[in-house]
Amino acid sequence: MINLELPKDLQDLTGLMRQFSEGGLRPISRKYDSLEQKELPEELVELGALLKAGRSSSSKKEGASKPEGNRNGNNMRMTVATEAMCWGDVGLFLAMPTIGLGNAAVEAVASDEQKAEWGELFAAMAITEPGCGSDSANIKTTATLDGEEWVLNGEKIFVTDGYRCRQVVVWASLDTTMGKAAIKSFFVPKGTPGMTVTRVEHKLGIRASDTAQIVFENCRVPKANLLGNPEIAKTAEARKKAFGGVMQTFDNTRPIVAAQAVGLARAALDLTLDLLKEQGLTLDYSKNYHQLSAIENDLYGLEADWESARLLVLKAAWMADNRQPNSMNASMSKAKAGRMGNEVSLKCVEICGQLGYSQAELLEKFARDSKIIDIYEGTQQIQQLIIARQILGKNSSELK
Amino acid sequence: MINLELPKDLQDLTGLMRQFSEGGLRPISRKYDSLEQKELPEELVELGALLKAGRSSSSKKEGASKPEGNRNGNNMRMTVATEAMCWGDVGLFLAMPTIGLGNAAVEAVASDEQKAEWGELFAAMAITEPGCGSDSANIKTTATLDGEEWVLNGEKIFVTDGYRCRQVVVWASLDTTMGKAAIKSFFVPKGTPGMTVTRVEHKLGIRASDTAQIVFENCRVPKANLLGNPEIAKTAEARKKAFGGVMQTFDNTRPIVAAQAVGLARAALDLTLDLLKEQGLTLDYSKNYHQLSAIENDLYGLEADWESARLLVLKAAWMADNRQPNSMNASMSKAKAGRMGNEVSLKCVEICGQLGYSQAELLEKFARDSKIIDIYEGTQQIQQLIIARQILGKNSSELK
Amino acid sequence: MSESAPMFDLTPTEEEFMTREVMRRFAAEEMAPKARAADEAASLPDDFLQKTVELGLNFMPVPEALGGVGAGHQPISNTLTIEDLAQGDMSMALAVLAPLAVINTVMKWGTSAQQTRVADTLLLDQFAPAAIALLEPGLSCDPANLSATAQQQPDGTWHLSGKKSLLPFGPEAQLLLVFAKAVSTAGESLGTRGFLLAPSLAGCSFTREQYMGLRPLPLYAANFSDVALPADAVLRDDFDLEQFLSLSRIATAALAVGTCQSVLDYVKDYVNERVAFGEPISHRQSVAFMVADMATELEGLRLMVYRAASQAEQGLDCSRMAYLAHRQAVKVGMKIGTDGVQLLGGHGFTREHPVELWYRNLRALAILTGLVVA
Amino acid sequence: MSESAPMFDLTPTEEEFMTREVMRRFAAEEMAPKARAADEAASLPDDFLQKTVELGLNFMPVPEALGGVGAGHQPISNTLTIEDLAQGDMSMALAVLAPLAVINTVMKWGTSAQQTRVADTLLLDQFAPAAIALLEPGLSCDPANLSATAQQQPDGTWHLSGKKSLLPFGPEAQLLLVFAKAVSTAGESLGTRGFLLAPSLAGCSFTREQYMGLRPLPLYAANFSDVALPADAVLRDDFDLEQFLSLSRIATAALAVGTCQSVLDYVKDYVNERVAFGEPISHRQSVAFMVADMATELEGLRLMVYRAASQAEQGLDCSRMAYLAHRQAVKVGMKIGTDGVQLLGGHGFTREHPVELWYRNLRALAILTGLVVA
């Protein structure tokens with residue numbers, strides 16, 4: 001049955017996470033935006049533990065859901081939780097020590113022994129390089145097998161949590177002449193000789209979170225630290241598939257990143273509506289165009305785009321939960337939510353005039369934080385390429 | 001001295017042409033939109049003569065302006081007149097028998113003897129082919145010299161006035177393996193054996209004007225009917241320049257086509273403002289965003305875009321009058337005015353609700369007519385390519 | 001929300017799935033191929049309305065006792081049907097759906113006598129035209145504050161006066177459901193109320209209207225001049241204008257979804273086939289991204305429409321989502337209509353291709369409230 | 001329009017041309033290279049304000065008798081200067097232009113005593129800070145209906161009360177021109193009027209404000225609590241609020257033109273140098289067309305600003321063009337600010353590149369009315 005309301009447990013999760021955001025994140029939003037410190041905000045240690053405790057109790061619940069039929073599973077849960085936390089603060093969400101972007105990649109393939117050996121995960125993802133940007137297939141970092149160890153060499157930029165994390169999942173090529181198929185990911189604990197954080201970025205937004213440059217110089221890790229299949233696919237078709245495998249993690253992560261924009265935009269809209277309520281304006285969703293004020297008209301437009309983005313995100317996550325191929329939908333959700341989050345938060349700044357632009361309110365911060373969500377995990381333009389190629393049946397050499 | 005107001009003579013011209021539009025074109029706008037006849041609307045014979053008389057008297061005036069210093073010359077005059085006539089009706093303007101799109105091309109290069117021999121001009125331009133669209137360099141129509149005659153073979157589509165005109169200026173290639181450099185234009189009087197109008201299009205808008213398909217089958221014209229230089233440039237550089245020469249006519253015509261959109265959009269805005277005035281709404285250009293109604297806000301946005309487009313058009317024409325290279329500015333004016341004309345007329349339909357959508361008013365017609373202006377004489381996308389190549393210093397093989 | 005809130009789900013029921021198959025086939029066979037000729041002729045294909053009777057749409061919501069299927073009010077199923085028929089042709093879809101709008105509204109808010117009358121008049125083997133008259137001529141129309149009035153007389157009967165616009169079928173209709181501001185004998189406004197009547201009554205006159213699009217649909221301006229109506233012509237007291245408007249907004253937005261899907265499907269093939277500068281034009285980012293945006297915005301709109309419909313189906317308050325879905329439908333519909341023509345260039349401007357037809361029809365979305373209901 | 005209406009012309013006068021050379025060099029040498037450090041430090045470069053004295057801006061409009069150049073009010077020249085300085089840095093430009101706004105306004109609408117006071121206070125070898133206080137804190141501010149009031153006393157003096165926001169220099173200013181709703185002794189509103197005062201007066205207090213952008217500019221919230229002003233503190237009766245706002249709108253729009261030009265120049269080079277997927281990213285239509293749109297919209301905006309300025313220069317009514325130019329500046333400025341960051345991708349989000357700074361500064365355009373005048 002077609003139903004686009006959230007089930008009870010996800011509604012409860014939203015409520016819980018909103019409380020967490022309101023009580024835990026919002027009170028320290030401005031502080032860590034201003035400080036822009038390298039070190040982990042101290043409050044996040046406790047908040048992270050709280051979150052982890054909540055997660056393990058809720059993941060037990062999921063095990064109880066029926067295995068057949070329609071599923072509202074882990075992807076939707078992650079999406080909903082992300083949205084509610086980013087309603088609080090995207091920067092602090094990204095900085096949360098127990099939510100490393102690399103954690104999922106490790107948990108998906110590591111053996112129980114490895115998990116035990118590697119200890120508590122707070123793993124960053126190191127993909128982008130100075131010369132590649134969105135061009136993940138063109139990675140220059142190399143991994144060479146030397147006896148029982150991989151030797152890593154190269155330079156990574158824009159590593160979220162790269163300074164504060166405990167481990168780094170790094171993408172490197174086994175053979176740069178082989179293109180996409182030779183790209184594999186490696187697990188490197190902090191403190192491994194040869195891996196150095198060389199720089200922490202100063203940014204427009206998400207300043208509570210650290211974004212680092214990491215250099216690998218003859219950095220050695222055990223052979224088993226290659227995550228997944230170490231073989232380089234031989235045929236063109238198999239090569240494509242292998243890289244597709246690496247890229248497919250994006251099908252799961254993109255809706256979650258898109259959910260960040262949905263949460264942030266909701267926060268901007270809620271704050272704007274609160275400020276307008278003080279002026280006596282509320283939305284009643286009934287007037288026609290000829291009766292609206294400019295502000296009402298703009299707000300309805302923002303609300304509509306927000307709904308569109310939110311539902312695209314939920315659909316992409318729902319497809320993942322129900323094992324439907326969702327690559328195009330994941331990109332649609334990221335493309336729409338990415339631009340929506342930026343447009344909504346900027347328009348809210350404009351609507352609220354001097355209050356919107358002032359640091360006395362959080363709107364200007366939302367507008368700064370929002371831009372990166374339309375860039376990382378594949379820019380707007382990359383998402384459009386993916387969507388267009390799929391619809392038009394084109395490959396990457398035809399539609400560049 | 002920087003001054004963006006029109007001089008007295010161009011203001012007068014606008015006034016005169018607006019009167020012509022109001023008295024001559026508007027009363028028959030709906031009639032010929034509905035009839036969509038192949039034949040020339042009978043009223044246009046007299047109106048065309050009137051216009052021609054006006055033009056010859058005004059061009060005498062221009063001869064009197066000083067040859068040195070700042071010039072507001074023929075390009076600005078054409079732009080301003082076009083805007084005012086298209087405020088009346090774009091379809092009828094295009095159908096005006098004395099304003100053939102090919103006239104300018106003939107007048108620029110024909111000898112006095114030829115002009116005398118060829119008689120009164122009402123020349124259409126035949127460029128586009130079924131397989132080429134915006135890709136003018138890829139023309140397949142051929143011209144082969146046989147003794148003292150050119151033999152033309154090929155098929156042309158979207159020829160404005162193609163059915164009703166007296167002559168056709170047709171683009172054909174002397175050698176399709178030579179690319180752009182081999183493309184020349186030829187003067188073909190109607191009635192020349194081998195040239196047949198095979199079809200007249202049914203269109204979304206500009207229905208008062210005929211758009212024809214013309215087939216050339218061993219159509220023979222005298223050698224002298226090749227307009228311009230018959231040589232095919234030999235070097236790559238010279239070839240580029242030669243085609244550039246053909247293309248450069250666009251630098252003069254694009255601002256004039258852009259002016260069609262400016263006139264049409266003004267008509268839509270004026271009618272909308274009239275209808276709104278009956279409801280008690282007028283624009284006073286003083287309120288701030290927080291005080292505006294949605295309609296006011298939208299109208300101000302349209303007015304602003306209209307001004308932007310209009311000034312870009314005037315600048316491009318002014319540059320042409322003052323012999324400044326204006327290729328990029330011509331494309332800017334066409335790109336901006338093309339999309340503006342379409343957006344403004346469509347938004348006016350929306351603003352005026354049932355009146356906007358009804359055939360009882362002309363708004364719906366404006367919205368239909370407007371779309372072609374963003375397409376012909378180089379689509380929005382072609383204009384963007386030209387602008388971008390110039391700004392970024394790219395050629396057509398780098399930026400495709 | 002209750003404990004029993006169902007899971008998020010985008011899978012139609014088996015019945016909905018089967019209905020879609022039927023509707024889509026009908027749209028593809030009986031509507032889409034005839035849309036151009038109908039537009040040029042400014043009239044529906046000869047046997048079109050009669051053929052729609054086989055779809056049985058009108059029978060669905062009517063109780064079995066009145067000769068219907070008794071499926072009750074099914075906003076989701078209605079929405080899917082509207083989307084599927086609009087994918088065939090928006091004008092033809094509106095013609096089929098106009099009587100259904102009357103039926104749905106009367107089954108929801110009519111007296112049992114009205115329900116019987118509607119069933120007797122419209123559930124026939126012959127197609128029976130009928131339509132709702134809500135909209136009024138002019139620049140704007142506020143359904144909560146109509147110009148048309150129904151003045152109650154001391155004997156309980158009504159006198160209806162006023163002008164309507166965009167009314168399908170007009171004098172050809174078997175039944176009209178006319179909305180007007182009801183005024184009590186004491187002169188108090190009773191708000192917007194619906195009145196069921198036959199267009200043949202004295203005082204009703206109609207004039208054919210012409211619009212930019214929707215040309216095959218016979219649309220009329222109506223003038224009601226002191227039309228005398230019996231006391232029981234009015235819908236029940238519990239008529240909920242906001243809910244009615246919400247259902248209509250959902251339905252109108254669903255028209256947009258279907259029509260935009262047609263545009264997308266058409267341009268997708270065209271840009272792959274059309275070659276310029278040595279390659280299919282779909283290899284150009286400006287073309288490909290326009291198609292990608294179409295698909296993305298359309299999918300977002302579709303989900304908004306489905307969400308509003310599923311709220312209505314579950315008896316939840318759907319006014320916010322219906323409002324936003326309709327608003328978004330207008331915005332997305334206009335953009336896709338325009339981009340469709342742009343992608344075909346000069347060819348898109350000719351009536352050889354259907355994109356110009358969609359360009360014209362999609363402009364109607366902003367002013368169609370009240371013609372169709374989900 | 002008169003018979004003598006001049007020809008359409010986009011060529012600056014020789015004097016304007018020479019002034020532009022000076023301004024552009026100053027912007028390129030003294031502003032642009034220091035913008036990042038100033039933003040990080042949230043303060044103007046140490047000797048910056050003093051260096052601007054050499055530009056002689058403040059002297060231009062002041063009559064020779066008062067020690068100025070006596071060039072009169074030159075909206076076109078002012079506009080070009082604002083554009084050129086903003087191309088260096090918007091925050092620094094605002095700091096230089098704030099005193100000039102006071103001077104221009106007082107030379108136009110001040111009493112001769114006020115003009116002398118302004119000349120004596122601001123035309124010095126030392127940079128003398130001064131600013132206009134029009135804007136008020138909160139979501140919106142209507143200059144025609146300010147909250148701050150100046151109550152006239154029976155003896156003709158004024159008591160000024162109210163809050164202001166976005167006030168450059170605040171307590172550091174030598175002079176403030178504060179706008180308030182003037183109220184007669186009889187309690188009647190005399191409309192918005194300007195009052196010249198020193199911030200050291202009793203009852204004035206200031207608090208530093210922090211914004212998303214314009215960080216080097218020292219902006220203050222001001223609180224005026226029953227500040228006693230002499231009778232001659234008020235601008236002349238013929239003060240024309242609409243004309244003042246028009247000149248301010250032109251100036252604010254000119255800030256947008258200069259800043260957007262910087263964005264365009266920067267991204268143009270970047271997209272040509274940046275390689276991805278084996279080619280400069282400028283070879284991609286989505287990138288190239290974004291740059292083309294930037295250039296087109298910026299050029300259109302620039303012409304709108306010039307048209308408004310040239311109307312003001314010729315004494316024509318410029319209110320419509322000024323309003324539209326400012327409106328367009330907000331729209332175009334925001335879009336270009338955003339696209340600038342987007343074109344640089346992740347790099348644009350870091351403070352290694354100036355695009356994020358422009359992104360923040362350009363957001364101020366909507367709320368800057370009254371800080372600068374053309």
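Good morning. The model is predicted, with local features requiring pLDDT of at least 70, side-chain atom pairs counting only at pLDDT 80 or more, and totals for chains, interfaces and linings using all residues. Residues are numbered from 1 along each chain as its sequence is written, while chains are lettered from A and ligands numbered from 1 in the order in which they are written.

I begin with chain A. Its secondary structure comprises 12 helices and eight strands; helices (H or I, at least four residues) and strands (E, at least two) are DSSP runs numbered from the N terminus. The C-alpha atoms occupy a box of roughly 75 × 45 × 45 Å along the principal axes. For 400 residues, a compact globule would have a radius of gyration near 21 Å, and the 22 Å of chain A agrees with this. That radius is taken over C-alpha atoms, and the globule rule is 2.2 Å times the number of residues to the power 0.38. Of the 400 residues, 55% count as buried, a term requiring 20 or more other C-beta atoms within 10 Å of the residue's own, with 12 or fewer for exposed, partly exposed in between, and C-beta atoms placed from the backbone.

I turn to the contact between chains D and B. Each chain is represented: 39 residues come from chain D and 39 residues from chain B. Contact here means C-beta atoms, placed from the backbone, within 7 Å. On the side of chain D, the elements giving two or more residues are α7 (241–273), α8 (285–313) and α9 (319–349), and α8(D) supplies the largest share, 14 residues.

Helix α8 of chain D also holds D:E299. Is D:E299 buried or exposed? D:E299 counts as buried because 24 C-beta neighbours lie inside 10 Å. Beyond its neighbours within four places in sequence, D:E299 is in contact with B:L312 and B:M332.

A second residue, A:H202, lies in the loop between β6 (195–200) and β7 (211–222) of chain A. With 13 C-beta neighbours inside 10 Å, A:H202 counts as partly exposed. Not counting residues up to four places away in sequence, A:H202 touches A:E36, D:T350 and D:R351.

Finally, for chain C, an unreviewed UniProt entry lists residues 131–227 as "domain: Acyl-CoA oxidase/dehydrogenase middle". This span is 0% helix and 52% strand, and its end C-alpha atoms lie 18 Å apart. UniProt positions follow the numbering used here, feature names are shortened, and annotations may be inferred rather than shown by experiment.

Note on methods. Two residues are in contact if their C-beta atoms, placed from the backbone, lie within 7 Å.
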